[in-house]
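Biologist: Please walk me through this structure, one feature at a time. I would like to learn how each one is read.

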Amino acid sequence: MNDTLLIAVYAFAGAAATGLAGAGVLRLIRRRSLTVSLAVVAAVGVVAMLAGTLAVAWAMFLSAHDLTVVTTVVAMAAVVSLATALLLGRWVVARSRELAVAARSFGDGGDFAAPDGPATAELSALSRELAATSARLAESRERERALEASRRELVAWISHDLRTPLAGLRAMSEALEDGVAADPNRYLRQMRTEVERLNDMVGDLFELSRIHAGTLALTPTRISLYDLVGDALAGVDPLAREYGVRLVGGRIEPVPVEVDGKEMSRVLGNLLVNAIRRTPADGTVAIAAERSPEGVVLSVTDACGGIPEEDLPRVFDTGWRGTHARTPPAGAGLGLAIVRGIVEAHQGRTGVRNIPGGCRFEVVLPAAAS
């Protein structure tokens with residue numbers, strides 16, 4: 001074995017021993033400050049070089065004078081390395097503390113603002129992630145506030161709507177019980193009407209609770225929109241006659257879709273009933289179904305006169321009824337919320353926009369595979 005190889009072996013042995021000791025120290029102080037860890041890393045590098053040098057000197061490859069020179073150089077390098085490591089550690093720790101303070105602000109309900117000044121690439125990436133998380137949290141808080149306001153509004157409307165028919169039922173039942181009803185049959189018919197109204201309201205609440213709980217079970221089948229729309233029009237025709245509203249369904253393409261027929265019939269029924277009730281006598285409610293690049297578009301157009309622009313984003317919210325002029329005497333503002341829930345369960349989306357003289361409600365569904 002030549003001298004160069006032997007020197008390399010001795011130097012590696014001394015440096016390796018130092019490296020193993022340094023790894024053990026780093027493991028022991030892994031919960032301490034980054035400044036301490038950087039100082040240990042710098043010290044390991046310098047001491048490893050010194051240990052290798054001493055190992056070579058011990059093997060008599062260096063003279064005493066050369067060993068003194070090398071040791072002095074290593075000592076000076078150790079001073080500079082440790083000072084640099086401490087400065088770097090303090091700088092990184094300071095940036096980390098600033099980042100922690102900024103992160104605490106949006107955790108307490110505020111917005112995250114990245115600290116000023118330069119930072120390492122990792123800390124900059126962490127700042128960007130925290131900023132994105134802060135934005136998502138702000139959106140979530142806003143949705144939560146809107147949902148809570150919608151729930152409070154729904155509870156208030158439901159309480160009002162339940163109180164009115166229950167009071168009527170109580171009064172009519174007391175009149176029948178006391179024998180003071182002038183026309184008992186009329187009272188019985190009215191009681192049946194109120195009971196059906198309450199039953200519909202409870203059914204809507206149950207349907208909405210299943211949608212919100214994610215337990216709405218769908219049984220998709222391949223069905224033609226022509227048949228689906230035809231059944232929906234037939235179902236609301238008596239109501240349209242009662243309100244004096246014309247139903248138009250001329251632009252119906254026989255496009256196949258994979259949907260739950262029962263739930264989608266409820267969607268169309270809710271949209272049509274909503275449109276009929278808000279369209280004045282001699283007005284027209286039109287329904288259309290056609291292909292589009294996004295899938296299949298079902299639209300219901302009424303002649304309600306339009307919805308205020310500021311109310312358009314709330315139309316499908318639970319419990320929303322709009323202005324008092326648009327509020328029907330029945331219903332708890334659940335129909336359109338149910339529409340949105342069912343459509344989204346079919347991987348579709350809903351929308352509404354004003355048109356001259358009225359509104360256009362749209363349901364976009366994925367087209368069935370050919």
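Modeller: Let's begin at the end of a helix: α8 is followed by Q347, whose phi is positive, near 65 degrees. Helices here are DSSP runs of H or I with at least four residues, strands are runs of E with at least two, and both are numbered from the N terminus. Residues are numbered from 1 along each chain as its sequence is written. The model is predicted, so local features need pLDDT of at least 70 and side-chain atom pairs count only at 80 or more, while totals for chains, interfaces and linings use all residues; side-chain values use heavy atoms, without hydrogens and water.

Biologist: Where is Q347 placed, and is Q347 buried or exposed?

Modeller: Q347 sits in the loop between α8 and β6. Q347 counts as exposed because its relative accessibility is 64%; the cut-offs are under 20% for buried, over 50% for exposed and partly exposed in between, using a 1.4 Å probe and protein chains only. D282 also has a positive phi, near 70 degrees, and is a residue other than glycine. D282 belongs to the loop between α7 and β4 (284–292), and D282 is exposed, with a relative accessible area of 60%.

Biologist: Which residues of α8 are buried, and what do they pack against?

Modeller: The buried ones are L336, A337, I338, V339, G341, I342 and V343. They pack against α5, α7 (261–278), β6 (349–355) and β7 (358–365).

Biologist: How do I read the packing of two helices?

Modeller: Two packed helices are described by the angle between their axes and the distance between the axes. Axes are lines fitted to C-alpha atoms over the stretch in contact, and angles between N-to-C directions run from 0 to 180 degrees. Here α5 (residues 184–213) packs with α8 (residues 335–345) at about 35 degrees, their axes 10 Å apart. D204, E207, L208 and I211 of α5 meet A337, I338, G341 and I342 of α8; contact means heavy atoms within 4.5 Å. These residues divide into five nonpolar, one polar and two charged. Nonpolar covers Ala, Val, Leu, Ile, Met, Phe, Trp, Tyr, Cys and Pro, charged covers Asp, Glu, Lys and Arg, and the others, Gly among them, are polar.

Biologist: At what angle do α7 and α8 pack?

Modeller: α7 and α8 pack at about 145 degrees, with axes 9 Å apart. From α7 come E263, R266, V267, N270, L271 and N274, and from α8 come G335, L336, I338, V339, I342 and V343. That contact has seven nonpolar, three polar and two charged residues.

Biologist: How do I read a pocket?

Modeller: Rolling a probe the size of a water molecule over the atoms shows where empty space is left. On a 1 Å grid over the protein atoms alone, a pocket is an open set of points where a 1.4 Å probe fits, with protein on both sides within 12 Å along at least five of seven lines; lining residues have an atom within 4 Å of a point. The second largest pocket has a volume of about 250 Å³, the space filled by probe spheres set on points joined across faces, edges and corners. It has 13 lining residues, and L147, H212, D317, T318 and R340 are the closest to its centre. α4 (121–178), α5 and α8 each give two or more residues to this lining.

Biologist: Which residues does L169 contact beyond its sequence neighbours?

Modeller: Leaving aside neighbours within four places in sequence, L169 touches M191, E194, V195 and L198. L169 is in helix α4, and L169 and M191 are 22 residues apart in sequence but 6.0 Å apart in space, C-alpha to C-alpha.
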